[in-house]
Amino acid sequence: MLGTLVLGRSLRNASGFSASVTQLWGAPRGHPRRPERCCSQGPCAQRNRSDAWHPLWKGPASVPGGTRQSPVNIHWRDSVYDPQLQPLRVSYAAASCLHVWNTGYFFQVEFDDSAEESGICGGPLENHYRLKQFHFHWGATDERGSEHTVDGRVYPAELHLVHWNSVKYRNYTDAVVGENGVAVIGVFVKLGARHEELQKLVRVLPEIKLKGARAAVGPFQPSCLLPACRDYWTYPGSLTTPPLSESVTWIVQKRPIEVAQDQLAAFRTLLSSALGEEERSMVDNYRPLQPLMNRKRDGNPHASSRPPDSWMS
Ligand SMILES: [Zn+2]
């Protein structure tokens, strides 16, 4: 859990981290702003909350009494630079990639998590977390799709790399409902240059068009899906799909990655329906924004880099 924040500094000192992160992050000025979704505060957040149900979910739409649900809108100026946050250490083995399958909600790339080969540590994490799977969320159109937003800016897709705490828990199932059980790296996806490594996944999507279908991927290095600049925000949150457990340390990369229009279009050719069912396109598979609740006052996202000077107040 993140501690109380004071004027750009965190009082949290239990982590033992000492190195400062000095890499600067460029201002988003000049970026075209996407249409805004509802903010995560006030009446519209409550409306979002009641809308937090997706017809493909088999589980609950909300957690009774939940106070740290995800996703959230990240207010850049309210995020707090934490000089104690170290860079995240990422080590993935391409050979631990198992297969890709159509869950009916998104396509998911699974990894062998029986050993420590692929995982993350450092940053806000006090343990090693093993990579379990990654998946994307995307919209029916380019104007929506990401789960998190930044100052109301929506991206057309968002990648989630899901890891579990292999020091505290025996397996993913136990970790997902446990304290500090899960760490998810979120990466915004914007339209731009063709992503050559992603094409390896795009090529097999026709094989998993229907819900429940599975296909081999071969060795795949997931770090190729991370931005070159690894500055991030971190905050305590939840899974964005059932069981919506509040066990997640979110690590949201500030920089997006780019994919080509036809690559995102390939995501939208997938179906949420199984063979013999009425065809349903797999689109808009994101959860609406959730209220910050008490995180607004004492749990704003921590940032691993300072905002540009022009953003300092
Ligand atoms: Zn996700």
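Predicted model: local features only at pLDDT ≥ 70, side-chain atom pairs only at ≥ 80, totals over all residues.
Two residues are taken to be in contact if their C-beta atoms, placed from the backbone, lie within 7 Å. Leu-264, a residue of helix α4, is in contact with Trp-138, Pro-156, Ala-157, Leu-191 and Val-259, leaving aside its neighbours within four places in sequence. Leu-264 counts as buried because 22 C-beta neighbours lie inside 10 Å, and the threshold for burial is 20 or more.

Residues up to four places away in sequence not counted, Thr-269 touches Leu-205 and Lys-209. Val-283 lies 14 residues from Thr-269 along the chain, with 8.8 Å between their C-alpha atoms. The loop between α4 and α5 also holds Asp-284, which has a positive phi of about 55° although it is not a glycine. With 14 other C-beta atoms within 10 Å, Asp-284 is partly exposed.

Among contacts with a separation of 6 or more, 75% are between residues 24 or more positions apart. The largest nonpolar core has 57 residues, of which Ala-183, Val-184, Val-189 and Ile-251 touch the most other members. Strand β12 (residues 182-191) gives the most to this core, contributing seven residues. For Val-184, the contacts beyond four places in sequence are His-160, Leu-161, Val-162, Val-248, Trp-250 and Ile-251. In soluble globular proteins, nonpolar side chains tend to be buried together.

Some backbone details also deserve a look. Most residues other than glycine have a negative phi, and most peptide bonds are trans. Asn-180, in the loop between α2 (172-175) and β12, has a positive phi near 50°. This residue is partly exposed, as 19 other C-beta atoms lie within 10 Å. Ser-70 and Pro-71 are joined by a cis peptide bond with omega of about 5°; Pro-71 belongs to the loop between α1 (42-50) and β3 (73-74). Another cis peptide bond, with omega of about 15°, links Pro-242 to Pro-243, and Pro-243 is placed in the loop between β14 (232-237) and β15 (248-253).

Note on methods: Residues numbered from 1 in each chain as written. Helix = DSSP H or I, 4+ residues; strand = E, 2+ residues; numbered from the N terminus. Buried ≥ 20, exposed ≤ 12 C-beta atoms within 10 Å, placed from the backbone. Core = buried A, V, L, I, M, F, W, Y, C linked by C-beta atoms within 7 Å.
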